[in-house]
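Subject: Structure for you to look at

Hello,

I am passing on a structure that I have been looking through, and I would be glad if you opened it beside this message. My notes on a few residues follow below it.

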Amino acid sequence: MSLADSRTLEAIDFAGVRERVVGLTHTERGKALAQRLSPSTDFAAVRREQRRTEALRAVSSGGELHLMRAVDTAPLTAAAQVGRALSGSELRAIGDAVAAAAAAHRAVREHPDLADVAADYTPLRELQRAIVEALDERGAVLDRASHALGRIRRGLAQAQADARDRVGAILNSSKNAKAIQDRIVTVRNGRFVIPIKAEFAGSLPGIVHDTSASGQTLFVEPLAALEANNRVRTLQIDEEREVRRILEALSAETGRNAEAVEANVEMLAAIDLLAAKAELARRTDAAAPELVDEAVLEIERGRHPLLDQRAVPQSLALDGTTRLLVISGPNMGGKTVALKMAGLFTVMTYCGLQLPSGPRTRIGRFERLIADIGDEQSLVANTSTFSAHLQRMREILAGAGARTLAIVDEIGGGTEPSAGAALARAMLERLLECGARALVSTHSVELKLFAHSTPGVANASVRFDPQTFAPTFELDVGAPGQSLAFPLATRLGIDPSIVERASALLERRERDYETALGELAARGAELRQSRANVEEERRAASAELAGLRAERAELESERRRFAATSEEKLQASLREFVRELQRRASESGSDSERKRKGKVSSSQAALLAQTVEAIRRDLGIAADERSGTGERAFAAGDRVRVISLKADAMVAEDCDDRLLVSIGSMKMLVDKSDVRREASPVRAARGAGAAQARLSAAARTSEALDVRGKRYAEAEPLVERWIDDALLAGNSPLRLIHGKGTGMLGRGLQEYLRSHPGVKSLRYGNEEEGSTGVTMIELRT
């Protein structure tokens, strides 16, 4: 069942939209489907078609779908089923259609919303391959179609060459020179002949196959070439027989697969129609409307689909609050365009087409759309404009219900204004009683007042420039429209005195009403301009704010880069200072002197720390740029204190609210709330006491540590402290002397060092460094 009758579809110009869809199809059957496109009342089917159109649009935009031209194969497969041999061009057309269907199926088969469209597809690779291998694009049978055909054609080519040579020799013979009309070998009835002058007809023994139009030339097959020509003709007959056999075989194969071919072509046509809908949506910058179960029609900045670039966006709504919308205003202002757009948007939605409108457009579930737009008077039926209008209104009212959408242009028009307005009001009241939704246009003041005072009914007007009275084709919902009869009459050149007289004849009440509407329109124009100015200022302010934020972010990023670079240079200078201190201590003469010079007094360390902090303050960099959220994030290797166990541990993995930690050789999960982060040597070195910590570490550490003769339990804490001091002092590489022995001490310490977060790499020493009795360590300084 269709949502709208043919008169409604004609009234809203749906044929124009349908023709655009037809023009975008690629296949004959897809074009036929588009020509039958009509709105359905099955809302579940409407939802499905909208999903399919959106899905096909996504597939097309990804470049996955390339539809090929295809004929309607139905009459060809039907003929093949009953045993008729198809021509080469007909078979090739079937092969191309099968190939197009296969390509379309490959493009859509993976999409969930298109799977049911492709469900009836049957692969026909063998049939497609057989046709393509045997026939070229024009349907001519190729030599490779069969071994016999190839052999026959090779023999035919040789026989034709022999026959041509034989006739050519006779043509060039000097004894026949006077009889020859033209020195060319030509073909008549498939046989090579010589053009002879008519007066020499008996001079060359042979068979006459044709004469020229003037009768002056005879085309003679010499008897001497008869055998060669017979050989050519025999091979031509063999060729025709083999070609006929090939076409019959292909036709029989097509007949056996006729049902599958038709199902595949039907699938191709459905995809072709969806692709045409998707392409129309792309060209009109359309979007899928939101479909709702309520009987609503909400259009946001809709553009009439047939006006292209001339379309002016219009917004309107019919919902639970506004069930009837009365549009008024002067002629040529866009009232009818708004009515037709509303009807078209509803029909297009129910046909699975997307709408050129804003994203908040909503189309509800209607069971009937009926329209009365335009002049339907008929001399044949003896009906006037008004009587035709009443007959149509009778149809509208007879079937009106809660899911009816009625669209009426100039309701109650075509008769005496007061009586027409009263009749129109009564009909609108009946539509309200039925719960229907309606869009109507009018010039009647009474209907404007009715819309203003009746719940569920609202006024709307087409907008005109208040200065020039030129139409803007925009719609203002909530305000009735002016007739503008007098201003337009003046603008179009009517004598001002006539206009003035007409104004005086108008009743005072109507004159005051028009004046009030004029003032309201002028005030509305001022408010719209003010709103536009405010909106422009808001956009400018937003753009400036966005620019300032971007600039601030760039400055902050630059500051952080500078802080990081400066901190790195500061730390590098401090490490160099510590190394210089160690170097000078090592150059001192006695051990007591080296120890004295290698140590830093507390006052010296405090002074150095103050100097470093002063440098940081002058550069505007913080000691640590960590964010608050990062304090609860842990990395593998971080040292923590498990409060409930009163034990130190190392983080193995951060598991959101819990941590996997290592306590000696044991691993366990603990809550983050049960741990306290212990400052690592590097982290501690970034604090206020960085200088003092580095200098103290420099006084303690050395580039080598000897743990020979110790057990692993004794050596491990010594190595840990040695590594921490080296990290603070910036010493790397290091040399750990553990001896060879059984190798257990070296292997145990290497296993520990591999898990240490400060160790970058390690290796056994070479022969000069101590071989396997020494481990060389490189730190992450």
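A residue is called buried when its relative accessible area is under 20%, and exposed when that value is over 50%, with partly exposed in between. Please keep in mind as you read that this is a predicted model.

With that cut-off in hand, L339 counts as buried because its relative accessible area is 0%. L339 belongs to helix α11, which covers residues 335-350. If its neighbours within four places in sequence are left aside, L339 is in contact with I327, I373, I407, V408, D409, L439, V440 and S441. One of these, I407, is 68 residues away from L339 in sequence, although their C-alpha atoms are 6.6 Å apart in space.

Q750, which is part of helix α23 (residues 744-754), is likewise buried, since its relative accessible area is 5%. The side chain of Q750 makes a polar contact of 2.9 Å with the side chain of T775. Beyond its neighbours within four places in sequence, Q750 is in contact with L762, R763, Y764 and T775.

Setting aside neighbours within four places in sequence, K197 is in contact with K178, A179, I180, Q181 and Q216. Of these, A179 lies 18 residues from K197 in sequence, while the C-alpha to C-alpha distance between them is 5.6 Å.

Best wishes

Note on methods
Residues numbered from 1 in each chain as written. Predicted model: local features only at pLDDT ≥ 70, side-chain atom pairs only at ≥ 80, totals over all residues. Heavy atoms only, no water. Helix = DSSP H or I, 4+ residues; strand = E, 2+ residues; numbered from the N terminus. Buried < 20%, exposed > 50% of the residue type's maximum accessible area, 1.4 Å probe, protein only. Contact = heavy atoms within 4.5 Å. Polar contact = N/O pair within 3.5 Å; in protein donor to acceptor, adjacent residues only side chain to side chain.
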